[in-house]
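Subject: Structure handover and notes

Dear colleague,

I am passing on a structure for you to look at, together with some notes on what was found in it. Please open it first and keep it beside you while you read.

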Amino acid sequence: EKMLKQANKVLPEHRDGLVSRGNNLMKMQEFEKAAKVWRKAVNFFPQDPHFHHSLGQAYQGSGKNVEAEAAYEKMLKADSSNPEAYMTHGIAVVQLGSLEAAEKSFRRALEMNPTSLDALYYVGVTLLNRNQHEEA
């Protein structure tokens, strides 16, 4: 951890250094500290969906669900042409209890990739959880 901190001081926008430090803090369940690293990464690389996703996970780990959902939304904006981004968003917001937002993301992933069994499955599960049994 000391070496990674030093490296980040010398070159704070070093991508691999930010990833290593953020991932290590996440593994240690130091979510507040990890969020600080991921916020820095998002500032340096705002178009990278992975950093927004990692920030969302750190917020979620520290119980900041509103901030987590906002980070996941920014992840989608950074990577709106990738059906996997919608799947990741849907799974993340389901864990936050946002079933309607999750269903919307899973449906968008299914529109983009109509042969995705995962997207089809998650649309069905989300509908069941929303008590829409007939459509599920």
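This is a predicted model: local features need pLDDT of at least 70, side-chain atom pairs count only at pLDDT 80 or more; totals for chains, interfaces and linings use all residues.

Residues are numbered from 1 along each chain as its sequence is written, and side-chain values use heavy atoms, with hydrogens and water left out.

The protein has eight helices and zero strands, where helices (H or I, at least four residues) and strands (E, at least two) are DSSP runs numbered from the N terminus. Along the principal axes, the C-alpha atoms fill a box of roughly 55 × 30 × 20 Å.

Two packed helices are described by the angle between their axes and the distance between the axes. Here the axes are lines fitted to C-alpha atoms, for helices over the stretch in contact, and angles run from 0 to 180 degrees between N-to-C directions. Angles under 35 degrees count as roughly parallel, over 145 as roughly antiparallel, 65 to 115 as roughly perpendicular and the rest as oblique.

Helix α2 (residues 15–27) packs against helix α3 (residues 31–44) at an angle of about 155 degrees, with the axes 8 Å apart, and the two are therefore roughly antiparallel. Their crossing is left-handed, a word used if the near helix is turned anticlockwise from the far one by less than a right angle (right-handed if clockwise). Contact means heavy atoms within 4.5 Å, and the residues that meet include L18, V19 and L25 in α2 and F31, V37 and W38 in α3. The residues of this contact divide into 10 nonpolar, two polar and three charged; Ala, Val, Leu, Ile, Met, Phe, Trp, Tyr, Cys and Pro count as nonpolar, Asp, Glu, Lys and Arg as charged, and the others, Gly among them, as polar.

Helix α7 (residues 99–112) and helix α8 (residues 117–129) also pack at about 155 degrees, with their axes 9 Å apart, which makes α7 roughly antiparallel to α8. The crossing of α7 and α8 is left-handed. Among the residues that meet are L99, F106 and L110 in α7 and L120, Y122 and V123 in α8, and this contact holds nine nonpolar, two polar and two charged residues.

For helix α5 (residues 65–78) and α6, the axes come within 9 Å and cross at roughly 170 degrees, so α5 is roughly antiparallel to α6.

The largest pocket holds about 240 Å³ of space. Of the 15 residues that line this pocket, P49, H50, F51, H53 and M75 are the closest to its centre. A pocket is an open set of points on a 1 Å grid over the protein atoms alone, where a 1.4 Å probe fits, with protein on both sides within 12 Å along at least five of seven lines, and lining residues have an atom within 4 Å of a point. Helix α4 (49–61) is one of the helices that supply at least two lining residues, and α4 gives the most, with six. By class, the lining has six nonpolar, seven polar and two charged residues.

Best wishes

Definitions and conventions: Grid points are joined across faces, edges and corners, and a volume is the space filled by probe spheres set on the points.
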